[in-house]
Amino acid sequence: MIGMLLWKEPQGGIRQRPVMLVERNILHARFLCAEIVRGTRTPEAALSWRVSSAARRLRRAGVTRAVLPESFLWGAQLAKHGVRPVSTLALRRRLAADWVRQALAERGVSPGGARIAVSAAQMTGELVRTVTELSLRHRYVLLDVPYGGEELCRRLRREYGVSLLLGPDREQLEGADALVLFDPRADLRRRDGVTLPLYDEAAPMGGVSLPPALEERLPEGAGRGQLLAALVEAGVLRLGQAGVSA
């Protein structure tokens, strides 16, 4: 089971447990939630102790991953007790083509004439899926990968009649209208255009929305990207239900 940490407002005049574990069902996925009381005057030392207590209790219950509140500052306490945040990397990569489309539209760049560059340290299934989606939407897709690009290029040409530009140089990568990075590239100096660092868990995940009927069933205060990633992983939320909008 995946865990979740949620802040809980103190109730005046009512004695509350500072940390309470409750099981919650969100879109038919089960989460073990640690509700932590936090008020405007709660000392930092008390919050740190409560987070550590929540982590210990979650770990004893078998939880090793948890959805955290937005702007959570106590990751070290969780890691100390063997609880880590739910990763958003897989979801980010599944949404990459939609993010590119949205970003180009915001800049008024025509999809047909846009140059889209993708750089990765190795060939993976996620990379193949992303490059395939981009190639079906855009005429000019550049792929920078150490090996495996030739086979993907042949497959895309054979199955869809589209082509890739393999082995772009640094100048071509830096000048692309959109650059999708699966791994860091400290050597690139972007002058303009869109850059999507799909390796960066801390990068904002803006524009991801659900139908209103699903939105209202999500708990307030939970980290949105982590929660959506957990729901997609659990199979209760289809990727097509999570749209990217301005």
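**Pockets, cores and helices in a predicted model**

Colleague: What volume does the largest pocket have?
Modeller: The structure is a predicted model, and the figure is a computed one. Rolling a probe the size of a water molecule over the atoms shows where empty space is left. For the largest pocket, the volume is about 380 Å³.

Colleague: Of the residues that line the largest pocket, which are the closest to its centre?
Modeller: The lining of this pocket is made up of 22 residues. By class, 11 of them are nonpolar, seven polar and four charged. The closest to the centre are Glu70, Arg92, Glu201, Gly223 and Gln226.

Colleague: Which helix gives the most to the lining of the largest pocket?
Modeller: Gln226 is among the residues closest to the centre of this pocket, and Gln226 is also one of the buried residues of H9. With four residues, the most given to the lining comes from helix H9 (residues 224–234).

Colleague: Which residue just after H9 takes a positive phi?
Modeller: Within H9, the buried residues are Gly225, Gln226, Leu227, Leu228, Ala229, Ala230 and Leu231. Just after the helix, a positive phi of about 85° is taken by Gly235.

Colleague: Which element gives the largest share of the lining of the second largest pocket?
Modeller: The second largest pocket has a volume of about 170 Å³, and its lining includes Arg92, Trp99, Gln102 and Thr195. Two or more residues of the lining come from each of helix H4 (96–107) and strand S10 (194–197). The largest share, three residues, is that of S10.

Colleague: How many residues in the lining of the second largest pocket are charged?
Modeller: The lining contains residues such as Leu196, Pro197, Leu198, Ala203, Pro204 and Gly206. Its residues divide into six nonpolar and three polar, and the number charged is one.

Colleague: Is Arg93 buried or exposed?
Modeller: Arg93 lies in helix H3. Leaving aside neighbours within four places in sequence, Arg93 is in contact with Glu126, Thr130, Phe182, Leu198 and Tyr199. Its relative accessible area is 15%; because buried means under 20%, Arg93 is buried.

Colleague: How far apart in space are Arg94 and Leu239, C-alpha to C-alpha?
Modeller: Arg94 also belongs to helix H3 (residues 89–94), and it is partly exposed, with a relative accessible area of 32%. Beyond its neighbours within four places in sequence, Arg94 is in contact with Arg129, Glu133 and Leu239. Arg94 and Leu239 are 145 residues apart in sequence, yet their distance in space is 8.0 Å.

Colleague: At what angle do H4 and H5 pack?
Modeller: Two packed helices are described by the angle between their axes and the distance between the axes. Here Ala96, Ala97, Asp98, Val100 and Arg101 in H4 meet Thr130, Glu133, Leu134 and Arg137 in H5. By class, this contact has four nonpolar, one polar and four charged residues. The axes of H4 and helix H5 (residues 125–137) are 9 Å apart, and the angle is about 35°.

Colleague: Which residues touch the most other members of the largest nonpolar core?
Modeller: This core has 52 residues, and H4 gives the most to it, with six residues. Apart from it lies another core, of 17 residues, among them Ala34, Ala55, Val63 and Ala66. Val67 touches residues including Met4, Phe31, Gly223, Gln226 and Leu227. In the largest core, the residues that touch the most other members are Met4, Phe31, Val67 and Leu231.

Key
Residues are numbered from 1 along each chain as its sequence is written. This is a predicted model: local features need pLDDT of at least 70, side-chain atom pairs count only at pLDDT 80 or more; totals for chains, interfaces and linings use all residues. Side-chain values use heavy atoms; hydrogens and water are left out. Buried means under 20% relative accessible area, exposed over 50%, partly exposed in between (1.4 Å probe, protein chains only). Contact means heavy atoms within 4.5 Å. On a 1 Å grid over the protein atoms alone, a cavity is a set of points where a 1.4 Å probe fits but cannot get out, and a pocket is an open set with protein on both sides within 12 Å along at least five of seven lines; lining residues have an atom within 4 Å of a point. Grid points are joined across faces, edges and corners, and a volume is the space filled by probe spheres set on the points. Ala, Val, Leu, Ile, Met, Phe, Trp, Tyr, Cys and Pro count as nonpolar, Asp, Glu, Lys and Arg as charged, and the others, Gly among them, as polar. A nonpolar core is a set of buried Ala, Val, Leu, Ile, Met, Phe, Trp, Tyr and Cys residues joined through side-chain atoms within 4.5 Å. Axes are lines fitted to C-alpha atoms, for helices over the stretch in contact, and angles run from 0 to 180 degrees between N-to-C directions.
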